[in-house]
Structure formats: structure tokens, C-alpha cells
Amino acid sequence: MKKYIIISHSHCTDGLCSASLMKKALQLAYGSDTKINVVFASYGKEEDALSKINMDAKSSYDIFIVDFSFSREQTISLASKADNLTIIDHHITAAEKLKDIDKECKNVKFIFDNNMSGATLALKFIQENIYSQILDFENAKVVSKLVEDRDLWKFNLENTKPFGEYIFSNIKPNDIDAFSKILFRINHAKLKTIFKTGKTIQEYKEKQVYEKLSQLVEQKVVSLYDINFIIVNETQADLVSEFGNAICKKFNMPVCLYKIINEDNVSLSFRSMDNLPDISVVAKNLGGGGHRNAAAGSTKLENFVKILNGGSHI
């Protein structure tokens, strides 16, 4: 019996959109009763995600990893248990650690494009390989493009920010059913209402960022893997990207926003700009990933204290 496993990036709109698209496509192509297990994964906690994957000996499995990647060793292990493993990602760190993985494992297909998001890459793959009529759902293309525009931090589309703010405020992290409703079950008029609501939220958030930025008078600078960062504590998750970007622009320096979760986990979000250093290298060294100007990683509290006290390589 064929079963399917989808693994996607946790607490990420691009990951949520990618997983939602893939699940719907498999249901449309193979039937609504198709056995599909969706698992969300976080960098630094890959083993937690892998522990949620149960594969029985009586079934065969196709695995899709979207907007996320495991280590080379973990990927090879997954491939050994599956009929087929497809990896669809756009993070540069994935391209580096999984180079030629499809040559090493014949049942692995690795699709990479740093100029697209996980959602638009997944949509393209689905149209070409699983369910060609996926674009009959008008919102699938519209929403995927909005998600891509934000995830790549381009903001070329008018409704990118309003849509993103609506999602952050109204959809719980990893709620695939709620996000799928937007993709496949609402009409365009309802989508316009979402944009209008999101615009109101956006304006309020911009005011919050402005106030926080005006209060940031003194900057503490730390060095991480030979790159200097302004380091700022930010516990409000929905402000990390905007606040980080605003700090970069104001002080023309990369920024590291941190949140202490517990003694084993300090979340680190990095932001930079095209004229500043590539911070994806730092994230990679911390077991994370991302892009040149937006990346994330984590470390233990004891290591974070070393950073604050002048330690650069941990």
C-alpha cells in the first residue's frame, strides 16, 4: 500500500503553503482517502521531526521534503526507507550540504532554485509531476506568489504585506487545514477582504516598529564568525523580520535578534542587506539555514553568554 509523507518547514508561512499545496495535490491525484502524514520540522531540532515519522514494513512510501532540508546523513537514511524521496528547497544551505545527493542516492530527486520560494517551487513541481490542474484553483497561484514575495523579502506585489500580516494574526503556526481553506475553498472576493484586514494590521505593526526603533539608542555589537552584529532582544515573533530589517537600514549593519527559550535553546534571527555581509554562513555554523539576508539558527544559553562576552566561534 502506497503512503505519502510530507515534511515541511515549521513556523513558516512558506513552509505551511508548500505543505498545503502538496497535500491537496496528492489528494486530488490519488483520492481523498490517500494516506498522507504531514510533519513540520525546525532547524536544530531535526531529530524531533524524524521521530514523528512512522513507517510500517507493509507499506511503501514516497516522501516529499518541501522548504526544508536535513543533513546529508539524515537525508540518506530517509532515502533508504522510501521508494522515492523528493526534496524541494530554495535555501542556499540546502544546495551546499546536499550537492549531488541525487547521484549518490538513485531514488532521490533534488529540486533547487534560490530565486523562488518553497511554495512556488512546490506549485511548479505539482503542476508538472502530480496534478496539472492545480492552477484551476485561482488562489493557489495568487497566494503562492504573495508568499514568495515576502519570503524572498522583495515586496514587489501590492498585497504581500497585508496578506502576510493577516496570516500571522489569524492562522496558527502549522495549521494546514486553515491555510488550505484560503488556498482552495474561498473565492477571490473573500481574498480581497483578507487583504483589507491585513492592511489594518500592517499599519499598526509599522507603528510598533517605528516606536521600537526610536527607543533603540545604544547598540550592543557582538562578533559571530567574524561578522559584527547589532544584537537585540526581541520576544514578539511577528516583529522579528520587520524590526530586524529596520535596524539594518538605520545603522547599516547586520542584526541578530534573539529570544531565550530555555537553557538549551536561544533562538537567533539574522538580518542583513545586499551591501552588508552574507549572514547565511553564520546561520549554517549554528545548525540553521536561510538566505543571504535573512537566516536563523539557535544555540545553547551557555554558548549565547559566551557570545555576549566576546566569543566569536562557538
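**View 1. Crossing of helices H8 and H10 in the predicted model.** The axes of helix H8 (residues 160-170) and helix H10 (residues 188-215) come within 7 Å and cross at roughly 85 degrees; axes are lines fitted to C-alpha atoms, for helices over the stretch in contact, and angles run from 0 to 180 degrees between N-to-C directions. H8 and H10 are therefore roughly perpendicular to each other (65 to 115 degrees). Helices (H or I, at least four residues) and strands (E, at least two) are DSSP runs, numbered from the N terminus. This is a predicted model, in which local features need pLDDT of at least 70, side-chain atom pairs count only at pLDDT 80 or more, and totals for chains, interfaces and linings use all residues. Residues are numbered from 1 along each chain as its sequence is written, and side-chain values use heavy atoms, with hydrogens and water left out.

**View 2. Residues at the contact of H8 with H10.** Among the H8 residues that meet H10 are Phe163, Tyr166 and Phe168, and the H10 side includes Leu191, Ile194 and Phe195 (contact: heavy atoms within 4.5 Å).

**View 3. The open sheet.** Five strands follow the order S2-S1-S3-S4-S5 with parallel pairing (at least two DSSP bridges between two strands). Strands S2 (36-41) and S5 (108-112) stand at the edges with a single partner strand each, so one side of each lacks a neighbour in the sheet. From one strand to the next, the twist averages 15 degrees. Six bridges join S1 (residues 2-9) to S2, and His9 has Ala41 in S2 as its bridge partner.

**View 4. Helices on the sheet.** Helix H3 (residues 72-81) lies across S1, S3 (60-66), S4 (84-89) and S5, at about 140 degrees to S4. Helix H6 (residues 118-129) touches S3, S4 and S5, and its direction makes about 135 degrees with that of S4.

Conventions
Angles under 35 degrees count as roughly parallel, over 145 as roughly antiparallel, 65 to 115 as roughly perpendicular and the rest as oblique.
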